[in-house]
Amino acid sequence: MKVSIDKEDDALYFELDDVEIIESEEVHPGIIMDFDANGKVVGIEILDISTRVTPEKLRLMQFETV
């Protein structure tokens with residue numbers, strides 16, 4: 001899994017799998033899900049991230065496995 005922030009486009013992207021994206025769907029305003037050939041979610045993009053999360057929270061990411 002890979003997480004990237006594009007400051008120029010003001011977007012955050014979660015890449016769940018490194019496969020070809022066949023289809024993308026905006027499931028909520030500014031939230032786009034990418035799908036592979038089998039319909040599996042392989043990526044999630046969040047647009048206008050700076051209006052959704054404070055800069056302090058963007059600088060600090062925590063990962064938790066439960």
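## Pairing of β4 and β5

In this predicted model, D34 stands opposite G43 in β5. The strands concerned are β4, which covers residues 31-35, and β5, and they pair in the antiparallel sense over five bridges.

β4 and β5 form a hairpin with five residues between the strands. Within this hairpin G39 takes a positive phi, near 85°.

## Pairing of β2 and β5

Strand β5 also has a pairing with β2: the two run antiparallel and are joined by five bridges. Which residue in β5 stands opposite L12? That residue is I46.

## Two aspartates with positive phi

Most residues other than glycine have a negative phi. D10 is not a glycine, yet its phi is positive, at about 55°. Where does D10 lie? Its place is the loop that runs between β1 (2-6) and β2 (11-15).

D48 is likewise not a glycine and has a positive phi of about 55°. D48 is found in the loop between β5 (41-47) and α1 (49-52).

## Strand β5 in brief

Strand β5 pairs with β4 and is joined to β2. G43 in β5 stands opposite D34, and I46 in β5 stands opposite L12. The loop holding D48 lies between β5 and α1.

Conventions:
Residues are numbered from 1 along each chain as its sequence is written. This is a predicted model: local features need pLDDT of at least 70, side-chain atom pairs count only at pLDDT 80 or more; totals for chains, interfaces and linings use all residues. Side-chain values use heavy atoms; hydrogens and water are left out. Helices (H or I, at least four residues) and strands (E, at least two) are DSSP runs, numbered from the N terminus. Two strands pair if DSSP finds at least two bridges between them.
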